[in-house]
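Here is a quick walk through one protein model, helix by helix and core by core. Keep the viewer open as you read.

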Amino acid sequence: MVILTAIIYWLLICASLHCDVYYLIFQTVIFIYITGEHHLLSLINNVSSGLQLQSITKSITNVEAPIKEKYGRNIILGTHKEGGAVTFWSHAVSLPLSSNAILSWKFCHVVHKLLRDGHPNTLRDSRGHTASIRQMGTLWGNLHDRYGHIVALYAKLLCIKIDFHLKVSLMFPSLTYEFDMTGEVLEYMEAALKLQETVFRQMECSSTSSTTPVGQCRLAPLVLVIQDCGLLYHFLVKLLFKLHSRIPVDALLGHRERFREQFNSLTQFFERARGMEFFKSIIQIPDLPDEPPNFLRAASLADHVKPMVVQNETFPDYDETDTQLDFGEGNYQMVKTTWIGQTEADTLRKELEVVKPELELIKVEAQRAVVQLKSQVNKLESELEDQRTHKQMALVENERLRMEVENLRAQTAVAASIQATVEDSLTELNCNFQLEAQRAEIERLKQELATERDEMFQVHNTLQSKEKAGDELSSVLVGLQAEKETLLRTVKDQEAEIASLRQAAQLHQTTLQQERDRHQREMTALQNQLQEKVSDSGVLLQKLQDEQFSLLQCAVVEAEGMVLDAVAKVDDPLHVRCISTPDYLINRAELTLASIDKMQQSHVVYLRNMDDASGLLRSVTQFSHLISDTIVNGAGTAHSAPTDQADRLTDNCRDCATHCLQYLKELKLKATLPRADPTAVRYVVQRILNQGQDLLPRGADVRKEELAEMVDKEMAATSTAIEDAVLRMDEILSQARRDSSGVKLEVNQSIIGSCSDLMKIVFINLSISNAGFCVFIAQFCQGAGSVKDFYAKNSCWTEGLISASKAVGWGATQMLESADKVVTDRGKYEELIVCSHEIAASTAQLVAASKVKADRGNRKLQTLQQASRHVNDMAAVVVSSTKSGQMQIENKNSMDFSSMSLIKLKTEEMDSQVSEKW
């Protein structure tokens with residue numbers, strides 16, 4: 001039987017190759033007798049493999065013509081029969097791909113066909129050859145060949161396709177997966193569109209027609225590209241709609257712009273391909289919408305229609321010469337047998353005539369075996385049907401017996417209940433037992449009647465004479481008879497009543513039993529429901545507690561992150577310039593202490609009822625914000641505090657963060673949650689509060705009533721200091737003229753003059769500020785209070801004004817000292833520059849204080865701002881004159897006059913004077 005099947009399969013293979021039928025039969029029979037069944041099957045496999053190899057060889061050639069459909073189909077069928085593409089790749093590695101670009105182009109086309117329509121294992125077998133495909137693309141991309149550029153793009157597309165499908169099979173669905181997948185699809189689509197654009201551009205440049213073999217050789221792979229692009233477009237639309245439902249739209253702006261460009265390119269590609277006869281005969285290209293989908297509107301997904309690329313049915317012509325196996329080619333030549341010689345043909349034909357009867361016998365025997373098998377199958381089917389019938393009857397009988405048992409049980413229960421009911425009923429009807437007594441009396445009367453009858457017959461003869469006595473006895477007898485009939489009727493009535501009572505008792509017992517059964521069933525169902533509700537409530541309660549604790553853990557983790565971020569800012573160099581005030585630190589610390597108390601209360605409430613953690617969650621959130629704010633502002637206050645106090649405050653901030661993290665860690669674990677205690681945190685925060693109170697400025701101890709007098713004193717002291725500085729500048733200038741000469745004198749005059757001018761401008765600015773303050777305060781009060789009330793009400797602004805005034809006076813004094821030292825060669829020019837900057841900054845602070853309390857259109861404020869700009873200009877003049885003088889002094893000291901002649905020296909001096917004047 002196996003031999004017959006193998007023969008038929010062998011004939012089908014050879015028939016597909018259009019060989020001579022008689023010659024095939026001759027070859028088959030002789031080969032069976034010579035080599036046996038095993039070699040026949042081996043030959044069939046070799047022929048199938050040879051057919052695939054022949055198709056590969058005739059598909060991948062250097063002829064500039066499209067690949068025939070039959071060869072591609074044979075290669076695809078070969079992968080399905082083999083279960084992979086091992087045979088294809090074992091032959092493809094030996095192809096001279098680097099020698100011819102057309103050969104490489106057709107190779108890419110065949111690989112693309114296998115990846116789309118081949119066996120699923122083709123992808124796995126092609127994974128190891130990605131590097132060689134990429135290397136081939138790089139080689140042809142560097143060469144200026146007419147097919148080189150498109151071969152490079154095609155190789156890139158194949159590598160992307162293989163990598164994409166491998167990644168899709170390994171990735172798991174998630175938000176990150178969808179985002180990455182969208183990028184992969186966009187890259188895949190971009191590579192496909194780049195390939196088709198380049199192919200069409202080359203054809204337009206070379207004026208190649210799509211009806212010629214040369215044009216069709218380039219256009220054939222684009223059929224597969226169109227099929228890929230249709231699916232990629234649909235997949236990409238669904239991905240982008242899904243991402244827009246889960247990610248902010250601003251984050252996907254780049255994806256939308258990239259998709260819009262690809263949509264326009266894909267539309268142009270489909271329109272161009274739809275107009276070519278080559279594509280019309282192969283596939284039906286779908287129409288895309290006029291505008292890309294609106295991903296910002298989720299309802300637009302319902303308007304999306306999946307583009308379906310339909311492939312037309314083709315019937316290729318098979319020429320007999322192309323489909324026969326080529327036994328003469330080098331790599332695919334099959335083993336030649338010694339029995340196919342031309343000289344032995346006649347002998348073999350004779351032997352075939354002898355073998356034909358044996359073949360007929362084999363066919364008859366095979367038919368007989370088939371008939372026997374069919375009869376056995378029919379017999380087995382009938383036996384199976386009988387068994388099914390018997391089984392069905394047994395099931396019916398079993399069901400009937402079960403119902404009878406149930407009926408017997410029910411009847412037994414009913415009989416027992418009836419008996420009990422009857423007994424109860426008879427007990428209740430004891431009064432009816434008199435009926436039995438009456439029956440006994442009737443029997444007794446009957447007996448007496450019979451006795452009397454006997455006596456009557458005995459004495460009948462005697463009593464005949466006594467007729468009167470006889471008549472009386474007859475009347476008595478008639479009465480007794482009537483009484484008997486009455487008693488009989490009464491007995492019948494009693495029996496009917498007893499029967500009715502029995503029926504009522506039986507009916508009542510049946511009703512009670514039904515009610516009892518129904519109540520029992522309802523009670524059982526309610527008990528089951530109660531148990532389910534209890535178990536479900538326990539599970540839900542545990543789930544609720546777990547969810548509440550998970551929320552608490554999330555809040556604690558967030559709080560830990562905030563505390564860690566705050567403590568990181570303590571040691572951050574960028575945070576050194578951030579300064580806070582003790583007042584704000586005290587405010588934050590007090591609020592933190594209050595939040596700690598609230599935290600403890602919420603903690604106790606949560607331990608009593610772990611079903612609701614909302615109160616503790618709010619407390620944790622408030623506590624984390626306040627404790628982080630306290631740590632950050634503690635560090636900022638330390639930046640402006642004295643060194644010892646700053647170090648202690650910084651250490652306390654770190655200790656606060658450490659204890660806070662420990663407390664939060666205890667809250668995060670179920671084992672340590674009951675014993676979590678913020679006492680250590682409260683103690684450290686209290687220390688920070690005390691240090692903040694110690695750092696309060698001493699000026700706060702001054703009574704608010706004295707602020708007005710302090711402002712007047714400081715402004716007067718500053719004016720006096722500036723006047724003294726101006727007079728002292730004149731003295732220093734006079735002294736410099738006496739003690740110096742030449743370049744030194746010029747430098748000193750320039751520096752002292754610019755400093756003196758700056759002091760005069762500052763004095764003018766201060767005078768304008770004093771007058772402006774008076775006007776501003778008068779306008780602000782508007783007759784509703786005195787100046788002292790104004791200063792007391794705006795104590796913080798007043799302290800800033802006093803500080804700015806002190807800074808101006810201190811800057812004037814320091815500039816005076818620095819100028820004196822520079823003139824006498826005991827100081828540095830940089831100190832003078834710093835002093836000028838300090839004066840300008842202090843003056844700007846005064847202007848800022850005036851700007852806070854003045855109206856926007858106040859003329860005094862505009863005059864004050866103009867004077868402040870003059871101060872800045874003069875400060876810049878001081879800086880420039882100081883730097884210029886410093887350079888002149890350095891240049892003078894660096895000059896060497898030892899080797900110069902008198903004429904040379906005079907020339908240099910004149911040049912120096914000219915350059916100084918310019």
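## Ground rules and overall picture

Two residues count as being in contact when they have heavy atoms within 4.5 Å of each other. Keep in mind that this is a predicted model.

The protein chain runs to 918 residues, and 36% of them count as buried. In secondary structure, the protein chain has 29 helices and two strands. Take the contacts between residues at least 6 apart in sequence: 79% of them join residues at least 24 apart.

## The largest core

Which residues have the most contacts inside the largest nonpolar core? They are Phe 88, Phe 107 and Phe 279, in a core of 81 residues. Helix H11 supplies the largest share of this core, with 16 residues.

Leaving aside residues up to four places away in sequence, Phe 279 touches Phe 200, Leu 219, Leu 222, Val 223, Ile 226, Ala 273 and Ile 285. Another core, of 43 residues, lies apart from the largest one, and Ala 635, Cys 653, Ala 657 and Val 681 are among its members.

## H6 against H11

Helix H11 covers residues 213-244, and helix H6 covers residues 101-117. The two pack at an angle of about 25°, with their axes 10 Å apart. That angle makes H6 roughly parallel to H11, since anything under 35 degrees counts that way. The crossing of this pair is left-handed.

On the H6 side, the contact is made by Trp 105, Lys 106, His 109, His 112, Lys 113 and Arg 116. They meet a set of H11 residues that includes Cys 217, Arg 218, Pro 221, Leu 224 and Asp 228. Sorted by class, the contact of H6 with H11 holds six nonpolar, three polar and five charged residues.

Now move along to helix H20 (residues 614-639), which packs against H21 at an angle of about 160° with the axes 8 Å apart. H20 is therefore roughly antiparallel to H21, as angles over 145 degrees count that way. H20 and H21 make a left-handed crossing. From H20, the residues in the contact are Phe 623, Ile 627, Ile 631, Gly 634, Ala 635, Thr 637 and Ala 638. Their partners in H21 include Ala 646, Leu 649, Cys 653, Ala 657 and Leu 664.

By class, the contact of H21 with H22 comes to 10 nonpolar, three polar and three charged residues.

## Two serines in loops

Ser 300 sits in the loop between strand E1 (283-284) and strand E2 (310-311). Is Ser 300 buried or exposed? Its relative accessible area is 8%, so Ser 300 is buried. Not counting residues up to four places away in sequence, Ser 300 touches Phe 241 and Asn 294. Ser 300 and Phe 241 are 59 residues apart in sequence, and 8.9 Å separates them from C-alpha to C-alpha.

Ser 207 is in the loop between helix H10 (175-206) and H11. With a relative accessible area of 65%, Ser 207 is exposed. Check its backbone too: phi of Ser 207 is near 55°, a positive value in a residue other than glycine.

## One valine in H19

Val 604 lies in helix H19 (residues 582-608). It has a relative accessible area of 40%, so Val 604 is partly exposed. Val 604 and Leu 616 are 12 residues apart in sequence and 9.2 Å apart in space, C-alpha to C-alpha.

Technical notes: Residues are numbered from 1 along each chain as its sequence is written. This is a predicted model: local features need pLDDT of at least 70, side-chain atom pairs count only at pLDDT 80 or more; totals for chains, interfaces and linings use all residues. Side-chain values use heavy atoms; hydrogens and water are left out. Axes are lines fitted to C-alpha atoms, for helices over the stretch in contact, and angles run from 0 to 180 degrees between N-to-C directions. Helices (H or I, at least four residues) and strands (E, at least two) are DSSP runs, numbered from the N terminus. Angles under 35 degrees count as roughly parallel, over 145 as roughly antiparallel, 65 to 115 as roughly perpendicular and the rest as oblique. A crossing is left-handed if the near helix is turned anticlockwise from the far one by less than a right angle, and right-handed if clockwise. Ala, Val, Leu, Ile, Met, Phe, Trp, Tyr, Cys and Pro count as nonpolar, Asp, Glu, Lys and Arg as charged, and the others, Gly among them, as polar. A nonpolar core is a set of buried Ala, Val, Leu, Ile, Met, Phe, Trp, Tyr and Cys residues joined through side-chain atoms within 4.5 Å. Buried means under 20% relative accessible area, exposed over 50%, partly exposed in between (1.4 Å probe, protein chains only).
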